[in-house]
Amino acid sequence: MSKRKVKETHMPVGECISQVQMILRERFCHQRLPEKPVGMESQHKHLLELLRRTAVHGESNSVLIVGPRGSGKTMLLNCVLRELLEVKDVNKNVLPVHLNGLLQTDDRIALKEITRQLNLENVVGDKVFGSFAENLAFLLEALKKGDRSSSRPVLFILDEFDLFAHHKNQTLLYNLLDVSQSAQAPVAVIGLTCRLDVLELLEKRVKSRFSHRQIHLLSSLSFIQYLDNVRSQLSLPQDFPDTNFYDEWNDDQSVVDVLQRHYNSSKDFRSLHLLLMLALSRVSASKPAIKPTDLLEASRVCMVDSKANILHGLSILELCLIIAMKHLNDIYEGEPFNFQMVHNEFKKFLQRKSHSIHNFDKPVVIKAFEHLQQLELIKSMDSSTAKIQKEYQLMKLLLDHSQIMEALQKYPQCPTDVKQWAIVPVLET
Amino acid sequence: MVRYFTRLRMRRIYKWGGRPYIFDRKLKSYGFEYLNMSVEGQEAVTTVTPGQYILIEGNDDEYPFVAKLLKFFGDESHKQKKALVQWFLRLSEVPQNKKLLLGRSPHPQEIFYYLGRACDNEINAESILGTVDVQHVPEDTPFPEPGTKDTLYVKLSWDTKAFNVLDPVLMQDTPASTPPKPALPLFPPCASPTATPVSRGPVRRALPTPDPTVMRRAGSVSDTRATMSAGKRSTLEAESIHSASKLSASKILSAKRRGSAADTPGVRKKLQLSIGASPGKKMTRADVLCELLDEEMESEKVISLKLSSSVSHSLQHGCSLSPMRSGCKTPNGQRRFPWKLSSISLDRLSPTALGEQDLSRATTPSRRKESAMAIRKPALGVLAEEDSEDSPMQPIALTPRSKRKSAQLVSLRIRKQLNLLDNTQELISDGDDDCFVPSKKDLQSSSDEEKTDSEEETRGRNCKTSVRTPCKTPSKKKDLQSSSDSEEETMVRKTRGRNGKASARTPCKTPSKKVTPSTPRHATPSIPSRTVPARQPGNILEEARARLHVSSVPESLPCREQEFQDIYNFVESKVMDGTGGCMYISGVPGTGKTATIHEVIRCLQHASDMDEIPTFRFIEINGMKMTDPHQAYVQILQKLTDQKVTADHAAALLEKRFSNPAPKKETTVLLVDELDLLWTRKQNVMYNLFDWPTRRHARLVVLTIANTMDLPERIMINRVASRLGLTRMSFQPYSFKQLQQIITSRLNKVKAFEEDALQLVSRKVAALSGDARRCLDICRRATEICEHSTSHPSSAGLVRMNHVMEALDEMFSSSYITAIRCASLQEQLFLRAVIAEFRRLGLEEATFQQVFVQHRALSRVEGLQPISVSEGLAVCQRLGACRLLLLEASRLDMLQRVRLNVSQDDVLYALKAVRD
């Protein structure tokens, strides 16, 4: 679709392709920062100013960057940091400390990590010695010792900020924010989170110490902008070596449809990148451009229902059991069922309607039932499984009716009586 | 010191040696010549005699206290064994922030002659560990190689403010085995409480004399002026005690009171006055003086009757006060002898004095020294006044006034919030408070000299002294009043005061400066310093922003005058009385609790630097800044003694420290921030914190801070809450006027805000929380917005209404609605499906499966291609991650229950706006 390679090149096609793939992969896998963050100019300015003041004036600050996943929080921060560190006065003068709530799961680990990254004097090699209490006292003492004009500003970057709020007593947050509100070493506490209610997680005295600056990254891209974005994402940089690629937006209706649908589902760039990545990987020497079909195929892969795939791999017996469960769900309005009920339903079908399927032994049916459980298509309702006999454990079906019907349509060589049964339940006579 | 260390583990036996002699008839205490100590199970007996240097059991096993033994005494039953000592300090005992004053690294075996007054120099003789050699090293010679382990070296003296060169005379050894003198004839009954110990030669010699005034009086009995004034002075003192303590006249209490009162600055001054005169009483031995003394006592009695309820106390008091240091602290008032020493010093100097006697207002240094010595304290305006006016009531009137003056100062300070310290400075140096602040250095050096002199004095010269000194007096007195002297002193004081100011301001800000020589094995915590210094604010807005930052220490704390005054009075009274107490302070975050206390401490520290109140230590712990409630012990101990131990050990050490009558104890003010985090199941941490102040010897003031007013009732068990007491204070959230005042005072005439804009901010914040921090943050943000709104940062004008509105919007508006508006179509559809399902069910909760059915129907209505279940789950999870929805754990798959985290109305409002 979008990119056609016009060849007046000295390079072989294969090499060009690998170059293109390298560039675009870097882009899609977030290995390289964009030149300028798009669609968040004011936020960028705000954050840059804030950090610049910390770096240059030694003013302590705290800020939260809030936005849904994939909205570019880390990207924005990294852009700002890159820009900040390009300033000559600054780059030797700030100490960035990166923490992630998923890695530093409690304050003990976080403190060690901070100490290590600051390379304080109790760090030997790469190890931090001392107990938790000692580390805390040491760090606080160190921060207390600094003052606004003479010590280097420390930038604490807390990724997944909300997870830090779950630490015991929020000791770390309290202390960092307290330092940011008192005349000690200048710090900037930057929290990244996707939770809009993050402030409610903070305890009141921690909250009081937070400056309540929040930078919201909520993309309000229109579809047109979204398309522009896709285009720019796929176009090659001007200085692409040797070959001239030019971009030609193919206004194929199917592509727009795909993208529109994607846009409807999610506006973030990660999912877009995933989609484009799949399309990109289909580019090869023999097929040197992305075609609309590639994108359609990629979209299909992205959108596919994972459970439908599992259903396709089931045996007829298992499928029958699932249909029986569906009927039970209809009868009992979503109340849980047990194996015995399913088995009875299944036997009813065998006796009255089945032409193609013969009777199965009960152990075989139990086996099939257990397999379904292992596939997590059905789920046990009560946790104390040990006490109750297998046959009587209460279960629930984790499938929607539409999924079952769709799977039956696509199921290869499905007996018609089974299909019929799925639509019309066996009635009691 | 290893040998003592080992001994500690065994039981030591102490026995008095030598013949006891009656020392104080009334109190039935005896003096003893020496003390035999032996270790259980061992033959060796160590004999300790006055004059020797001894080691005294202290908190630190490895480094026991060092002191010079001056005297032994005990009670009738020989069970109680006491000793008087002159203390020496190790560097580790010097307060952290003063260590730097030394200006060099200390010798490992170096000790300092202690000149402070805060330490009780009466100790339990059974805490003596043994003897030690102390050598005086002259100032310019280097320390000997640290070879012999048991010898300590002394070079400098420490007077709680500075290190001074130690006068070698002070250190000259008295022969350890001075034969005890036979007991003297007892004093006339009226003077009996002051009976002198007879154990040592110098002691007796000291008796006749110190005060030249009195001596002169002895010569001419008709001249009763001095006597009168002496009497007055002691009365004055009694009065001051009376006013200071406001306690009953019960004997022990008042005696004890006196002890503590002697420590309080206001009283100390008066004490010093009386010191000048009191030696008159000591002259009792001379027959001539007996009469005089009686007379004096009479007058004293008369006056003191008026003032204090017990005559005997005032009497005793007058005598016991004579030692210029805290000798008078002992509850039973037995300690008499420091003044002996001081009196003798006169002998040494008397030749010069005689020579110069006729010179009036001589300004030679030697002269000044003498004068300082003679009256013990440098010229005190009060004294001069008294003497000249000769009216009995005046000193009495003076005392309370002067006492009140310190209080006035405080309130003045508060009233004048701005330029606070400068003002005080002026007040102090300008007003007649001058007399309050004797230049300590002079005082102490002189008294030290006196002491040593006393030791080397021979008995023969005794009478000489008594003859000589009297004639010295008048001229000296004049000297004291002489303007040149006092001017000089004022100068000294001023400079000291300024230093004091600087140090008073810094402590809480830069405790980091402290060097920790005792723990060299630990790394020093520090943040690397920057290569380029931070830029200073350039324009008005930047300046305003810097001032509005919460961290900037304001010149004063407006709007908390009442609280400040209450806390100040509470802490000041405890520090002055040397007692302990607890206070509970509550208030929502950002109402200035911690800031107010810091301000109080700063003022008190300033006052103590100015010698208005005794020195104290301030320790701060924060429940949030420790990992476990028991770490509180560790932190307190570390801040007190610089030891690093485990929590259990620290608790034991602290328990010991606060429950035992330890020598050298100054009041500790402990601030416990975020008290609620010190809660444990057994509540033993809180229990201890509140129990220690109630101990008799603890001298601990605990200020606790928490957010909730009813914390004691809610989380504390009865015995803890009861110990916390009822001294409570609650900080109300700021009203909008107060917030406005805070901002205005912070801005301090930097014109950056429109008046209306300020009012809007403060009203808004006051309506929501009354949190000053929030208010300042909003203002700061508004300045930024203002700066960005104009193209050139320099041309930015005032912060106006619209800027403030924008900042308020940013900080207060909920982001949910914007988030919903920015969500993708499917996400919005899902939210609508959720609401539709809720309506259908009539519940605020539904499973994903149910919602998804709705979602499909809705997307059909909207003409969208229906999405698969997997996609639907992804959409749902995204909304859950933003917390627009509350979800169950995702392992429940389709059965997970969904709730809205926003009100339905908000969702509908947001979605409606989108469709329009």
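A salt bridge is a side-chain nitrogen of Lys or Arg within 4 Å of a carboxyl oxygen of Asp or Glu. In this predicted model, 7 salt bridges are counted between chain B and chain A. One of the salt bridges links A:Arg205 to B:Asp676, whose closest N and O atoms are 2.7 Å apart.

On the side of chain B that touches chain A, at least two residues are supplied by each of several helices, among them α19 (540-548), α29 (772-789) and α32 (825-841) of chain B. The largest share, 7 residues, comes from α29(B). By class, this side of chain B comprises 33 nonpolar, 23 polar and 24 charged residues.

In total, 80 residues of chain B are in contact with 89 residues of chain A. The area buried between the two chains is about 7500 Å², and carbon and sulfur atoms give 51% of this area. B:Ile527, B:Arg530 and B:Met624 supply 10% of the area that chain B buries against chain A, more than any other three residues.

Chain B also contains an open sheet of 5 strands with parallel pairing, in the order β15-β16-β17-β14-β18. Its edge strands, β15 (616-622) and β18 (728-731) of chain B, each pair on one side only. Neighbouring strands of the sheet are turned by 15° against each other on average, direction ignored. Within the sheet, strands β14 (residues 581-587) and β17 (residues 700-706) of chain B run parallel and are joined by 6 bridges; B:Met583 stands opposite B:Leu703 in β17(B). Helix α22 (residues 631-641) of chain B lies across β15 and β16 (667-673) of chain B, running at about 150° to β15(B).

Definitions and conventions:
Residues are numbered from 1 along each chain as its sequence is written. Chains are lettered from A and ligands numbered from 1 in the order in which they are written. This is a predicted model: local features need pLDDT of at least 70, side-chain atom pairs count only at pLDDT 80 or more; totals for chains, interfaces and linings use all residues. Side-chain values use heavy atoms; hydrogens and water are left out. Contact means heavy atoms within 4.5 Å. Buried area is the accessible area (1.4 Å probe) that two parts lose on being put together, summed over both. Helices (H or I, at least four residues) and strands (E, at least two) are DSSP runs, numbered from the N terminus. Ala, Val, Leu, Ile, Met, Phe, Trp, Tyr, Cys and Pro count as nonpolar, Asp, Glu, Lys and Arg as charged, and the others, Gly among them, as polar. Two strands pair if DSSP finds at least two bridges between them. Axes are lines fitted to C-alpha atoms, for helices over the stretch in contact, and angles run from 0 to 180 degrees between N-to-C directions.
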